[in-house]
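Subject: Structure for you to look at

Hello,

Here is the structure I said I would pass on.

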Amino acid sequence: MRKTPPLSKKQKDEILAILSVGCSRQTAARYVGCTPALIRKTAKEDAIFADGIRKAQDQAEILSMRCIAAAAKQDKYWKAAAWILERRNPEEFRLRGPGTFTPKQLKFIITQLSEIIVEEVKIPIYRKRLLERIDEFCKEYST
């Protein structure tokens, strides 16, 4: 089995440049003639390269967010602002289909139903069993 040569300084620099504009490691690997696995392996062995990868990827994210934020300041590009809200706070702003609930809303509904059971089911053993089943259901589907 032939040993893969290590990445050269030039290859590492090209990888970092490619990642810094938002391309994937797959694209960077293909461009410099290596595999994504070799990039991972090199990053594990070279802390400076690993830090460079992190910074390059962060730079790409920051650049993209700057562009989106700049567009969002213009009324005609309101979708950019919506995109930011959906990604930054999906619990509150994510697009949902009709009849869907947030986890917070669902918890409120289950709490209200449990209170109705406590008020309406007069036989303690039945009331307890219903509440236990609701609790089991919530535990099973909350993971």
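A salt bridge here is a side-chain nitrogen of Lys or Arg within 4 Å of a carboxyl oxygen of Asp or Glu. Please keep in mind that this is a predicted model.

By that criterion, a search of the whole structure gives eleven salt bridges. One of them joins the side chains of lysine 9 and aspartate 13, with N to O at 2.9 Å. Both residues belong to helix 1 and sit four residues apart, about one turn of the helix. An α-helix has 3.6 residues a turn, so residues three or four places apart point the same way. Lysine 9 is exposed, at 61% relative accessible area, while aspartate 13 is partly exposed at 37%.

Lysine 128 counts as exposed at 53%, whereas glutamate 132 is partly exposed at 33%. Elsewhere, salt bridges with shared partners link Asp51, Arg54, Lys55 and Asp58 into one network.

Now the core. The largest nonpolar core holds 14 residues, and Leu7, Ile15, Cys34, Ile39 and Phe49 have the most contacts inside it. At least two of its residues come from each of helix 1 (9-20), helix 2 (25-32), helix 3 (36-45) and helix 4 (47-72). Leaving aside residues up to four places away in sequence, isoleucine 39 touches Leu7, Ile15, Arg25, Ala28, Ala29, Cys34, Phe49 and Ile53.

Which residues of helix 3 are buried? They are Pro36, Leu38, Ile39, Thr42 and Ala43. These lie on the same side of helix 3, because they cover an arc of only 160 degrees around the axis. Lys44 and Glu45, on the other side of helix 3, are exposed. Helix 1, helix 2 and helix 4 are among the elements that cover the buried residues of helix 3.

Last, the rings. There are zero aromatic pairs in the whole structure. Phenylalanine 49 does have lysine 12 over its face, 5.8 Å from the ring centre.

Regards

Key:
Residues numbered from 1 in each chain as written. Predicted model: local features only at pLDDT ≥ 70, side-chain atom pairs only at ≥ 80, totals over all residues. Heavy atoms only, no water. Core = buried A, V, L, I, M, F, W, Y, C linked by side-chain atoms within 4.5 Å. Buried < 20%, exposed > 50% of the residue type's maximum accessible area, 1.4 Å probe, protein only. Contact = heavy atoms within 4.5 Å. Arc of directions from axis to C-beta. Phe/Tyr/Trp six-rings, centres within 6.5 Å; stacked < 30°, edge-to-face > 60°. Lys NZ or Arg CZ within 6 Å of the ring centre and 35° of its normal.
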